[in-house]
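Subject: Structure handover

Hello,

Here is the structure we spoke about, for you to take over. My notes on what was found in it follow below.

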Amino acid sequence: MPDNQSMYSLIEKRIARDGAKTAFVLPDGSELTYAELGAHISRMANALVAAGVSPGDRVTAQVEKSLPNAVLYLATLKAGAVFNPLNSGYTPAELDYFIGDAEPTLLVCQRSSLELLTPIADRHGVKTTLLLEPDGSGSLIDLAAHQKSDHATVPRAADDLASLIYTSGTTGRSKGAMITHGNLVSNTEALCDTWRVTGDDTLLHALPIFHVHGLFVALNTTLSQGARILWQPRFDLEGALRLLPGSTLMMGVPTFYTRLLSSPAFGRDTCRNMRLFVSGSAPLLAETHTEFVQRTGHAILERYGMTETGMITSNPYAAEGRLAGTVGYALPGISVRIAEPEGKELAPGEIGVIEVKGPNVFSGYWRNPEKTKAEFRQDGYFITGDLGMMEPDGRVSIVGRAKDLIITGGLNVYPKEVEDELNALPGVAEAAVVGIPHPDFGEGVVAILARAPGADGAGIASETAIIEALAGRLAKFKCPKRVLVVDELPRNAMGKVQKAELRARYGEVFKS
Ligand code: AMP
C-alpha cells in the first residue's frame with residue numbers, strides 16, 4: 001500500500017513521537033501536550049464524520065481564531081475533507097457567493113452570525129451548521145466531546161485537495177484556490193529546511209488563521225517538528241513584548257514589526273532567546289529592516305508567497321545574506337522565472353512578471369477551468385501577477401503587482417521605485433503610489449503619504465517641495481503629479497496596502 005501522503009500524517013508522526021511535549025501554550029498560560037492535541041483532533045475528526053462530512057467534502061469555517069479553530073483545521077485534514085476558512089470580515093453578499101461556490105457539507109460559525117448565515121446555508125443546501133464561539137464553546141465542541149479519542153487518518157494522495165482558500169483578490173471576484181496535500185507537505189518540508197525549524201523552537205503565533213501565512217506556514221512547520229506554539233488570538237503589542245523573551249521564532253506581517261519598533265520597551269533584551277524573525281504577505285520597508293537590526297541585532301528574514309503557491313522564495317538563513325528589499329531565492333524544489341506578458345523569459349536584471357513552477361503550486365481555481373487555464377503557461381508555470389526582477393545568482397526582488405503598474409504618457413512607472421524615494425523623506429511613515437486617470441497622460445502618478453506616528457504633518461514638506469525634491473532623483477515622468485497626506489493607508493487584515501481602494505478614493509484628482 002502506498003504511504004499516506006496526507007499533510008496530517010506529518011503531524012501525526014510527531015504526536016506519536018513527542019506526545020509528552022507541549023504543543024500549545026494558551027493565552028491564559030495553560031498548556032496542551034502533543035498527546036492531548038492528538039486526542040482533541042481525533043474527537044473533532046469523529047465529530048466531522050458524525051456531522052455527515054465525507055472525504056473530499058468541504059468544511060467551511062467563519063469563526064474567530066481559537067485553539068478549537070486550529071483543531072478543526074487539523075481534524076479536517078485527518079478526516080480527508082477540505083478546509084475552507086473564511087475571513088470574519090466578509091460582507092453578506094460575499095458570504096453568499098463563497099458558500100454557494102464552495103458548497104460545504106458543514107458550516108461552522110458563531111452564534112452572532114447565525115441569523116445572517118442560516119438562510120444562506122439553506123439556500124445552498126448546506127447539510128449541517130454547527131457553532132464554535134471565540135471562547136471555545138459551542139455545538140461543535142459539544143459534539144466532539146462525546147466522540148472517541150481515536151480516529152484512523154484517512155489516506156490521501158498528494159494531489160487530493162486539503163484546502164480551498166479564497167484569494168484576497170482586489171479586482172473582480174475572489175477565486176477559490178485548490179490546495180493539495182502535496183502542496184502543503186512539500187512547502188512544509190522546504191520551509192523547515194530553509195528556516196531550520198526544530199522541536200526546540202517556540203513560535204509566537206499572533207497571525208490570523210484564515211490565511212495561508214498563519215494557517216499553513218506557521219502551524220504546519222512547527223507542529224510537524226514538535227515545536228511549542230505560544231498561541232495569541234491576535235497581535236497586540238503588550239502580549240508580544242511579554243511573550244517574545246520566551247520565544248525563539250516569530251512569523252509576522254510587516255505591521256507587526258513596525259508596531260514592535262514603535263515601543264521604546266522593545267530591544268535586545270526582549271529578543272534574548274530569539275533565533276529568527278520572518279516577515280511576509282506584504283513588502284517590508286528597507287527602513288524597518290535597518291531599524292530592526294540596529295535595535296535588536298536581528299535581521300528580519302523576508303519571504304515571498306501567495307495563496308495559490310504557498311511560499312515561493314526566501315532570504316537565506318545566514319543573517320548576512322538577508323537583504324532588505326529583496327525576497328531571496330526560490331525555495332528548494334521550486335523554479336522561478338521572470339517573463340514578459342507574452343511569456344518570453346527575461347534576462348537577469350529585467351523587470352517582468354514572476355512565474356513559478358513546483359510541487360507548491362496549487363492545482364487550479366475551484367470550478368473555474370477558464371481562469372485556471374488563463375493563469376498557467378503551457379509548460380506548467382503559474383503566472384503570479386507580481387512584477388519583479390532576478391539577479392544573475394537567482395535573488396528575486398518584487399516591484400509590485402502587475403495591475404498596479406502605472407502607464408503615464410506611454411511610459412511604465414513601477415510604484416515601488418517612487419515609493420522608496422518617498423519613504424526616505426522626513427515625517428513619512430509609508431508611501432503608496434498609484435496611477436489615476438489623467439486627461440493628457442492616460443494615467444498620472446499620485447503619491448499618498450501616511451504621516452509617521454507623532455508627526456503632526458509639520459514633519460512632511462509641502463506638495464511642491466516634495467515634487468521638487470524628487471525631481472532631482474527620478475526621471476520627470478516618474479515624479480508624482482499630486483502628493484496627498486493621510487493619517488493612515490487603508491490595509492487589509494494581512495497588512496497589505498489596498499491600492500484599489502486608493503485608486504477609487506482619489507479617482508477624480510485630475511478632473512477639473
Ligand atoms: P495572498 O495570496 O493574500 O497571500 O497575497 C499574495 C501577494 O502578497 C503576493 O502575490 C504579493 O503581491 C504579496 N506579497 C507576499 N509576500 C510579499 C513580500 N515579501 N513582499 C512583497 N509582496 C509580497
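**Ligand site**

Strand 13 supplies five residues to the shell around the ligand, the largest share. Please keep in mind throughout that this is a predicted model.

In total, 16 residues surround the ligand, and the closest are Glu302, Arg303, Thr307, Asp386 and Lys496. By type, the shell divides into six nonpolar, five polar and five charged residues.

- Aspartate 386: an N or O atom of its side chain is 2.5 Å from a ligand oxygen.
- Threonine 307: a polar side-chain atom lies 2.6 Å from an oxygen atom of the ligand.
- Arginine 401: the distance from a side-chain N or O atom to a ligand oxygen is 3.0 Å.

On its own the ligand has 490 Å² of accessible area, and the protein covers 91% of this. Two elements give two or more residues to the shell, namely strand 13 (301-306) and strand 19 (396-401).

**Helix 7 and the residue after it**

Helix 7 runs over residues 181-195, which is 15 residues. From its first C-alpha to its last it reaches 21 Å, close to the 21 Å expected at 1.5 Å a residue. Is this helix mostly covered or mostly uncovered? It is mostly covered, with 13 of the 15 residues of helix 7 buried.

Arginine 196 follows helix 7 and has a positive phi, near 55°. Arginine 196 is not a glycine, and its place is in the loop that joins helix 7 to strand 9 (202-205).

A positive phi also occurs at serine 281, at about 85°, and this residue is not a glycine either. Serine 281 sits in the loop between strand 12 (276-279) and helix 11 (286-296). Serine 281 counts as buried because its relative accessible area is 14%, under the 20% cut-off.

**Individual residues in helices and strands**

Arginine 259 belongs to helix 10 (residues 254-261). Its relative accessibility is 37%, so arginine 259 counts as partly exposed, a class that lies between 20% and 50%. Along the chain, arginine 259 and aspartate 236 are 23 residues apart, and their C-alpha atoms are separated by 8.8 Å.

Proline 85 is in strand 4 (residues 82-85). With a relative accessibility of 6%, proline 85 counts as buried. The C-alpha atom of proline 85 is separated by 8.1 Å from that of valine 59, and the two residues are 26 apart along the chain.

Leucine 130 is part of strand 6 (residues 128-131). Leucine 130 is buried, at a relative accessible area of 10%.

**Domains**

The domain assignment gives two entries for the protein chain: domain 1 (34-155) and domain 2 (405-505). The C-alpha centres of domain 1 and domain 2 are 43 Å apart.

**In brief**

For a look at the model, the ligand is one place to begin, with aspartate 386 at 2.5 Å from a ligand oxygen and threonine 307 at 2.6 Å. The two positive phi values noted above are at arginine 196 and serine 281.

Regards

How values were computed:
Residues are numbered from 1 along each chain as its sequence is written. This is a predicted model: local features need pLDDT of at least 70, side-chain atom pairs count only at pLDDT 80 or more; totals for chains, interfaces and linings use all residues. Side-chain values use heavy atoms; hydrogens and water are left out. A residue is near a molecule or strand if one of its heavy atoms lies within 4 Å of it. A polar contact is a pair of N or O atoms within 3.5 Å; within protein, one must be able to donate a hydrogen and the other to accept it, and residues adjacent in sequence count only if both atoms are side-chain atoms. Accessible areas come from the Shrake-Rupley method with a 1.4 Å probe; for residues, only the protein chains shown count as cover. Helices (H or I, at least four residues) and strands (E, at least two) are DSSP runs, numbered from the N terminus. Ala, Val, Leu, Ile, Met, Phe, Trp, Tyr, Cys and Pro count as nonpolar, Asp, Glu, Lys and Arg as charged, and the others, Gly among them, as polar. The expected span of a helix is 1.5 Å times one less than its number of residues. Buried means under 20% relative accessible area, exposed over 50%, partly exposed in between (1.4 Å probe, protein chains only). Domain bounds come from an automatic or database domain assignment.
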